[in-house]
Amino acid sequence: IDRFQFPRLLAFGRSAGRATMARVRVSNVDGEELKVRQARSLSKKLCVMGLFGVPFLWVVHLWYFWPEVHKENPDPYIKRNAVRSMSAFAVVLAALFLWFVVNLNLHIVPSISNVDMETLLGGG
């Protein structure tokens, strides 16, 4: 076996995936290179924290891993989480905007509380 073909043969083994994961780095907006396990863990945490009431973290998630998302060969787990985070943020933002429009319209429309009670009862 040629010594240059040996690493290719190892790539088919089960342990080759773990060895490759340890060597591959994930880039982020700070210019740091994170290990894949660290980056995936952080990606998962940002997604979950966004679900528990801090949807702004979904935007931070996409921003933080922006260089990785736009690579030619990005980490599929991180790219999928970043795209889903941004989609979820868009849904939350649309729901918030809809709530704002409905709530604003309810306060603009005159209701019985805006009418002077004396005028209504004929006292003045």
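A residue counts as buried when its relative accessible area is under 20%, as exposed when that value is over 50%, and as partly exposed in between (1.4 Å probe, protein chains only). Take Glu68: with a relative accessible area of 2%, Glu68 is buried. Keep in mind that this is a predicted model, where local features need pLDDT of at least 70 and side-chain atom pairs count only at pLDDT 80 or more, while totals for chains, interfaces and linings use all residues. Residues are numbered from 1 along each chain as its sequence is written, and side-chain values use heavy atoms, with hydrogens and water left out.

Let's start with the whole chain. The protein chain has seven helices and two strands; these are DSSP runs numbered from the N terminus (helices are H or I with at least four residues, strands are E with at least two). Read from the N terminus, the order is α-α-β-β-α-α-α-α-α. Of the 124 residues, 21% count as buried.

Now look inside. A nonpolar core is a set of buried Ala, Val, Leu, Ile, Met, Phe, Trp, Tyr and Cys residues joined through side-chain atoms within 4.5 Å. The largest one here has nine residues: Val26, Leu34, Val36, Ala39, Leu46, Leu57, Tyr64, Phe65 and Ile78.

Leaving aside neighbours within four places in sequence, Ala39 is in contact with Val26, Leu34, Phe65 and Ile78. Ser43 sits in helix α3 and, at 0% relative accessibility, counts as buried. Not counting residues up to four places away in sequence, Ser43 touches His61, Phe65, Ile78 and Asn81.

Next, the charged pairs. A salt bridge is a side-chain nitrogen of Lys or Arg within 4 Å of a carboxyl oxygen of Asp or Glu, and the structure holds two. In one of them, Asp75 pairs with Arg40, with the closest N and O atoms 2.7 Å apart. This pair links distant parts of the chain, 35 residues apart: Asp75 is in the loop between α5 (66-69) and α6, and Arg40 is in helix α3. Asp75 is buried, at 10% relative accessible area, whereas Arg40 is partly exposed, at 26%. Glu68, from the opening, forms a salt bridge with Lys71, and their closest N and O atoms are 3.1 Å apart. Lys71 is partly exposed, with a relative accessible area of 32%.

Last, head to helix α6 (residues 76-108), where you'll find Leu96. At 51% relative accessibility, Leu96 counts as exposed.

Methods
Contact = heavy atoms within 4.5 Å.
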